[in-house]
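The points run from the chain as a whole to single residues.

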Amino acid sequence: MNRREWKAGIIGLGGIGDYHMNHLAKVENVQIAAICDVNAKAVEQVGDRLQVPVEKRYSDFTAIIADPDIDFLISGVSNQFHADILKTAIACGKPIFSEKPFTRTMEEADELAKLYEHNPIPCMIGFSYRYRPCFQYVKQLVAEGTLGRIRHIAAHYLQEENAPMFNKPYTWRFSQAMAGSGILADIGSHMVDAARFFVGEFVQVSGLMSTFIDRRPDVRTGELREVDVDDFTSFQCILEGGVMGSFYTHKNAIGTGNQFNVTLFGDLGTVRIAVERPNEVHLTLRAGDNHQLTETCIHLDGNTFKGMLQDFVDYLEQKGTTTVPTLMDGYRNQQVLQAIIDSAKDGMARTLHTDLNLKEGLV
């Protein structure tokens, strides 16, 4: 398909919306042609800044999705709206980029999978770390067999913003009804995607979850509200091929910024990456008759790697990309999140079944 001009619609004009709009500006053949948010002031300000026509400024996501002038959508809203927005996009046959996690619950995920099976659309789920240069490079190392057979993957994802000293107020992320789960859905889902990206499907998982701070202040009322989601999650797993996995995540880690580190251990070597240093890969190998040890810090040129939204547009144009985290990836991720939650509740490991395969939609 020849390259064309794409008209994009943005749903959600908060911080993540700004993030995506800034990155979309780097994609040459895309124009932001419509915007949507329940915050009328945000719609006015962003609309004026981007010179979006008044008739293309929406407060109802169903209207912007149905707009025949819009070729695809980028949705960056809170978790409680993910399923409804995806459901509407499927019904309208409209390509969409949707933020992670896929949904709040497996019930929502299963409903979407059934709808999608009958009317597949091009869909990307926002597992953005796949597009870090270090992730791309390690993916290539694994595919080439540089590390030998992978035996173990370990990852942690730590931040500090929820620690008691910061007295962070209550938001939707602390509500099970609105978020599905806490730290697991928020940043733990990225660890699940990293394991699937580098290794493959989860076979068995055992989880542990805890809530460090069970009440947080509501800035609107001044009262304390109950937190009914996890502040800490860890899980161990078996991935396909017998690869073992160990993971933990929380936002009570004083002194961390956005510390998402991944290590892969293979029969021939070990590789370590950290998203805070996206252009570095630390590779340790033993080779030769004497198993000589070599340690290398590989410095990558980040400009040579494709960005996430560019890959989405290439996906729409059927460019043969293999990196895109599709609706199926979102569904599989949700399966693992649910298995971790269920295991943490009763202390029993969960076996995952991955017999559902959905064809990907193309425009």
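**Notes on the predicted model**

1. The accessible surface of the protein chain amounts to about 16700 Å², and carbon and sulfur atoms hold 48% of that area. The coordinates are those of a predicted model and should be read as such. Of the 363 residues in the protein chain, 52% count as buried.

2. In secondary structure, the protein chain is made up of ten helices and 17 strands. Its radius of gyration is 21 Å, close to the 21 Å that the globule rule gives for 363 residues, so the protein chain is as compact as a globular protein of that length. The C-alpha trace spans about 70 × 55 × 40 Å along its principal axes.

3. The largest nonpolar core has 43 residues, and the members that touch the most others are Phe-135, Ile-153, Phe-198, Phe-202, Phe-260 and Val-281. Helix H8 (residues 183-198) supplies the largest share of this core, with nine residues. Apart from this core lies another, of 30 residues, which includes Tyr-58, Leu-86, Ile-96 and Leu-327.

4. When neighbours within four places in sequence are left aside, its contacts include Tyr-129, Phe-135, Ala-155, His-156 and Tyr-157. Also in contact with Phe-260 are His-190, Met-191 and Ala-194, together with Ile-273, Ala-274 and Val-275.

5. Tyr-137 is placed in helix H6 (residues 133-144). Its relative accessibility is 23%, so Tyr-137 counts as partly exposed. Beyond its neighbours within four places in sequence, Tyr-137 is in contact with Val-281, Ile-298, Leu-300 and Phe-305. Val-38, by contrast, is 99 residues from Tyr-137 in sequence and 40 Å from it in space, C-alpha to C-alpha.

6. Is Gly-76 buried or exposed? With a relative accessibility of 11%, Gly-76 counts as buried, and it lies in the loop between strand E4 (72-75) and helix H4 (82-92). Not counting residues up to four places away in sequence, Gly-76 touches Ile-11, Gly-12, Ile-16 and Glu-99. Between Gly-76 and Met-209 there are 26 Å in space, C-alpha to C-alpha, and the two are 133 residues apart in sequence.

7. Asn-162 occupies the loop between strand E7 (150-158) and helix H7 (176-179). At 11% relative accessibility, Asn-162 falls under the 20% limit and therefore counts as buried. Leaving aside neighbours within four places in sequence, its contacts are Lys-168, Phe-174, Ile-213, Arg-216, Lys-251 and Asn-252.

8. Asp-228 also belongs to a loop, the one between strand E10 (224-226) and strand E11 (232-239). Its relative accessibility of 38% makes Asp-228 partly exposed. Residues up to four places away in sequence not being counted, Asp-228 touches Phe-174, Ser-175 and Gln-176. Leu-264 is 36 residues from Asp-228 along the chain, and their C-alpha atoms are separated by 33 Å.

Key:
Residues are numbered from 1 along each chain as its sequence is written. This is a predicted model: local features need pLDDT of at least 70, side-chain atom pairs count only at pLDDT 80 or more; totals for chains, interfaces and linings use all residues. Side-chain values use heavy atoms; hydrogens and water are left out. A nonpolar core is a set of buried Ala, Val, Leu, Ile, Met, Phe, Trp, Tyr and Cys residues joined through side-chain atoms within 4.5 Å. Buried means under 20% relative accessible area, exposed over 50%, partly exposed in between (1.4 Å probe, protein chains only). Helices (H or I, at least four residues) and strands (E, at least two) are DSSP runs, numbered from the N terminus. Contact means heavy atoms within 4.5 Å. The radius of gyration is taken over C-alpha atoms; the globule rule is 2.2 Å times the number of residues to the power 0.38. Accessible areas come from the Shrake-Rupley method with a 1.4 Å probe; for residues, only the protein chains shown count as cover.
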